[in-house]
Amino acid sequence: MVDPANPSAPLPSGAAMPLLGFGTWQITGDSCYAAVRTALDVGYRHLDTATVYRNEEEVGRALRDSGVPRDEVFVTTKVPPHAEDPRQVLETSLQKLDTDHLDLWLIHWTEGESIHEDLWRVLLDAQRSGTVRDVGVSNYSLDQLDRLTKESGQQPAVNQIEWAPTLYDADVERGHRERGVVLEGYSALKNSDLDDEVLREVADAHSVTPAQVVLRWHLEHGVVVIPKSVTPERITANFAITGFSLSPEEVSRVDGLAA
Ligand SMILES: NC(=O)c1ccc[n+]([C@@H]2O[C@H](COP(=O)([O-])OP(=O)(O)OC[C@H]3O[C@@H](n4cnc5c(N)ncnc54)[C@H](OP(=O)(O)O)[C@@H]3O)[C@@H](O)[C@H]2O)c1
């Protein structure tokens with residue numbers, strides 16, 4: 001059942017992936033620690049990091065110090081496709097994040113047409129061993145998803161790709177839904193003009209901000225969104241998107257920003 005106060009997507013393991021998470025790219029050290037502490041304090045229960053972000057230690061420390069039980073937080077990290085020893089990369093991620101398991105482990109990107117099938121088998125092994133609850137990919141096309149599924153016999157649970165109203169593609173969205181792959185969007189705000197007239201009008205109608213409309217639009221589509229901010233007011237506002245909803249007409253208007 002969908003909980004309107006905490007919308008989520010079901011994953012193959014039976015876990016529920018919160019549709020709203022906190023992104024941590026380009027924040028390291030104390031500012032990362034502070035931002036993640038704020039995010040957990042205001043209610044985020046989903047954190048997105050990666051080996052190459054070089055902040056897993058701060059994310060892990062913030063999670064531990066927050067006092068929020070580990071099992072209440074959905075933690076994603078990602079392995080670079082060129083990792084020489086991905087099993088060691090996983091060990092290091094677990095150690096830095098100070099956890100005995102990941103909720104989601106992703107192959108971070110693809111190189112050319114490659115699908116990184118050998119690396120994918122390492123992710124599947126980690127899942128079988130219970131160290132990782134669900135496994136997926138990032139920056140894969142639908143064709144690459146299909147090739148990986150065909151070669152390995154197991155479809156990625158999630159594909160994390162660049163996504164925003166300006167990038168909206170109904171075929172790509174439908175392609176993920178038809179396959180049962182959760183579409184997780186990134187860089188929603190960076191790809192949005194927050195002075196856009198349509199976003200402003202829709203925002204005014206709900207007494208919210210254009211940024212909140214962009215984030216809420218993802219939830220209306222059942223797409224995961226992981227805004228990043230180091231600004232406490234923005235971290236708080238970006239989380240406050242379950243107290244209003246967009247009508248189908250408003251969703252269509254925002255979809256139209258991609259035109
Ligand atoms: N898989 C991949 O290849 C990949 C690639 C990129 C990103 N990601 C993930 O997706 C997450 C989000 O993407 P992103 O960090 O690229 O971009 P984003 O979340 O779309 O945008 C972040 C920028 O928006 C600003 N911002 C945040 N909230 C705002 C608000 N309410 N109003 C106005 N501006 C606001 C932030 O500024 P301040 O911080 O100064 O407040 C920051 O400059 C990343 O952190 C990462 O976890 C994954």
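These legends describe close-up views of the ligand site in a predicted model. Residues are numbered from 1 along each chain as its sequence is written; side-chain values use heavy atoms, without hydrogens and water. Local features need pLDDT of at least 70, side-chain atom pairs count only at pLDDT 80 or more, and totals for chains, interfaces and linings use all residues.

**View 1. The shell around the ligand.**

View 2. Gln 160 places a polar side-chain atom 2.8 Å from a ligand nitrogen. For the side chain of Asn 238, the distance from an N or O atom to a ligand nitrogen is 2.9 Å. For that of Tyr 53 it is 3.4 Å. The protein buries 84% of the 900 Å² that the ligand exposes when taken alone (Shrake-Rupley method, 1.4 Å probe).

**View 3. The largest pocket.** The ligand takes up the space of this pocket, as more than half of its atoms lie within 2 Å of the grid points. The volume is about 670 Å³, the space filled by probe spheres set on the points. Of 32 lining residues, Ser 187, Leu 189, Lys 190, Pro 227 and Lys 228 are closest to the centre.

**View 4. Elements of the lining.** β9 (182–186), α8 (210–221) and α9 (232–239) each supply at least two residues. α9 gives the largest share, 4 residues.

Technical notes. Polar contact = N/O pair within 3.5 Å; in protein donor to acceptor, adjacent residues only side chain to side chain. 1 Å grid on protein atoms, 1.4 Å probe; cavity = no way out; pocket = protein on both sides within 12 Å on 5 of 7 lines; lining within 4 Å.
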